[in-house]
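Me: Please walk me through this structure. I would like to know where each term comes from as we go.

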Amino acid sequence: MCLSFLKLEGESRLSKRIDPKKRPMPKQEPFERIRNFEEVALGYTPELAREEASRCLSCKKPFCIEGCPVSIDIPRFIQHIVEGDFSGGIKKLKEKNALPAVCGRVCPQEDQCEKVCVLGKKNEPVAIGRLERFLADWEAASGVIEKPEMAPPNKKKVAVVGSGPAGITVASDLAVLGYEVSMFEALHEAGGVLTYGIPEFRLPKAIVRREVEYVKSLGVKLHFDFIVGKTRTVDNLLKEFDAIFIGAGAGLPWFMEIPGENLNGVFSANEYLTRCNLMKGFRFPAYNTPLKRASRVAVFGGGNVAMDGARTALRLGADEVHIVYRRSRSEMPARLEELENAEEEGVMFDYLTLPIRLIGNEQGWLTEIECLRMELGEPDESGRRRPVPVKGSEFRMKVDAAVCAIGNSPNPLIPMTTPGLDIGKKGNIEANEETGMTSRKRIWAGGDVVTGAATVISAMGAGRKAAKSIHETLSQ
Amino acid sequence: MYRIIERRMIAPNLHELTVQAPQVVELVRPGNFVILRPDEAGERMPLSVADWDPEAGTVTSIFLQVGASTAKLARLKPGDTIPSYAGPLGKDTEIANFGTVLCIGGCYGIGSIYPVARALHEAGNTVYTLLEARSQYLLYWQERFAKVSARVIEVTRDGSSGYKGHITRLPEILVLEKLKPDRIIVNGCTFQMMKTSEVTRGLGIKTIVNMNPIMIDGTGMCGVCRLTVAGKTKFACVDGPDFDGHEVDWEEFLKRRKTYNPEEVHPLRKSGCASHF
């Protein structure tokens, strides 16, 4: 009785001092933003950032650091913001994170640092992601980019396969430690999924380019149009390099394996987004890669990629965009922020709906989708309630494009051409979770190529661990 | 940046393009393709390789000018540069001693079947080459094929050279030429590969085709190049581009190839002139 009274008093004191809500981040209005590809969220002003930062309790035992896959010293960088020392803040941030502008935008903070924030128990947690983004953008605007202290060159050479989040982290960590790092990218631009996958309105490509420039400024050499497994095999590279890190991503799109999937107008999310983001199809014909401007679009899936696909379709001028998802809203794997953005923009959600057949016209173009209604049954292995078809609930939707965003597996080119590399059931490269070591000496791997499609920050976390392990191994 | 060594029209609308690309030369094999971009705004497009020179570090392709991006390629001059040239991509054409092999080429595929014929010849096969075109003036490289083939047969739609007609005359030509190939390999336009596969099915001769769908990355990432082979969806870029012609769903493939036909030529038709539609 007595104890609970004390706790209550403590909490009421807390809520008096601290605003229970995050400072909202200014955003483009929905009616405006669906007509352009500019970034939706506009970022904090210095005033907003300092106000938000002052909500942080500077816990003695900060859970947020444990919640961060790369263990950023969050309370310290936030304290710098409170004091108005933004340059100190960015320095602190970059000790652990080579891509703060990216992570501040696309990290699922609600499942990581912000999930365990003490404030979040009763109120909204500190907006750690927005503060991270603020510092990174502030640094970019200041034009003075801090570089870490570089160890003298140690004459050891490391090849990094893939220039996505995992590769960028490994490359920058090792470059700082004095390694000669070469990064091999299959496409003509660096960034991996940050460049071809995540749309401009969520992560402007200028930001990705800025982060890549930073990695180059550390002395990392970038080779484009170089497909490891094809242009050279991993074994070819091992003749030249002391170690190899494979961060080739999850680049093989899944289809639903239902009839009609090869009709014209049916795209993998990878194709749809690559045409738009990497190839700048939204600016066709100034850029020559065409992108079909459909009027009724269905997107299959419930993750962030599905949201990206749906919101891209809207911006390309679709009259109606549906997300077709076989479970319900609460099971959606997409970030709540992205889901809400899509809802605000007018994307329609067809929950508990399973496409079973795609129907086309004589010319081979998609015209309709046949779907089944589902209901939720018992929980499955993932702990989510399993969707079960409702008998006789078939119905049709008229569409002229469909985007399949149900997932990707790792790209097979390296597994196919690297003998002795242990490969998992889903085509992933087997690697030690703590070190990134594979079944072969001098070869490390991390990111989506190991885990299957996951998050930017988990790929960076894997890159960080692999860099440490490579350094330990090569220093022996 | 990749330097253009040579770009010349070798037949009306057909261009030979040789690019300085030493990183591609080392592992390139018959049946492979490269992905290139003509300029920063250009599409990524696949071109089959037609020849290469390991010493000079150059790779040669033959391409047909069709849309905006190939028009840009067709304007390149020696000494110019292009921003992307990636490869070699795709699985290699299977080369073994099959006995007697008939290599069929048409259009750009006359170029890309050449290294196949050469490798088969070197592997000890008796190689016959059949080149097909609308008219004699669209044929090229006959002298190269002569060096690696027991015989070079020509088929032209107008009869200006060799047999008159279309590849559908193949069964009859095989009889007239007294040929019993153990394997047929076709590189050319979709229609030619489809028609060849149709007529060789009845003859029971294994027929390999080198598929040419729309591609973007060429590494298995986007899936735009998918086709149905023996009832299963395959990606031409990583599972092919060579497939058994008797197992390909040609009808679906032809439709998929037409996906962007209007857009392909759109930038060519656009004109700032008000009187010009």
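Reply: Happy to! Helices (H or I, at least four residues) and strands (E, at least two) are DSSP runs, numbered from the N terminus. The model is predicted, so local features need pLDDT of at least 70 and side-chain atom pairs count only at pLDDT 80 or more, while totals for chains, interfaces and linings use all residues. Residues are numbered from 1 along each chain as its sequence is written, chains are lettered from A and ligands numbered from 1 in the order in which they are written, and side-chain values use heavy atoms, with hydrogens and water left out.

Me: What kind of peptide bond leads from Gly240(B) to Pro241(B)?

Reply: That bond is cis, with omega near 10 degrees. Chain A also has a cis peptide bond, between Phe284(A) and Pro285(A), where omega is about 5 degrees. Pro285(A) sits in the loop between helix H13 (269-276) and strand S7 (296-300) of chain A. Most peptide bonds are trans, and most residues other than glycine have a negative phi.

Me: What makes Ser58(A) worth a look?

Reply: Ser58(A) is not a glycine, and yet its phi is positive, at about 50 degrees. You will find Ser58(A) in the loop between helix H3 (46-53) and helix H4 (63-67) of chain A.

Me: How do you know that Glu26(B) and Arg232(A) form a salt bridge?

Reply: The closest N and O atoms of Glu26(B) and Arg232(A) are 3.3 Å apart. A salt bridge needs a side-chain nitrogen of Lys or Arg within 4 Å of a carboxyl oxygen of Asp or Glu, so this pair qualifies. The count between chain B and chain A is one salt bridge.

Me: Why are S9(B) and S13(B) called paired strands?

Reply: Five bridges join strand S9 (residues 100-106) to strand S13 (residues 183-187) of chain B, and pairing takes at least two bridges found by DSSP, so they pair. These two strands run parallel, and Ile104(B) stands opposite Val186(B) in S13(B). Both belong to an open sheet of seven strands in the order S12-S11-S10-S9-S13-S14-S17 (chain B), with mixed pairing.

Me: What makes S12(B) an edge strand?

Reply: Strand S12 (163-164) of chain B pairs on one side only, and so does S17(B) at the other edge.

Me: What does the sheet in chain A look like?

Reply: Five strands form an open sheet in the order S3-S2-S1-S4-S16 (chain A), and the pairing is parallel. Its edge strands are strand S3 (221-223) and strand S16 (443-445) of chain A. Three bridges join strand S2 (residues 180-184) of chain A to S3(A), and Phe184(A) stands opposite His223(A) in S3(A).
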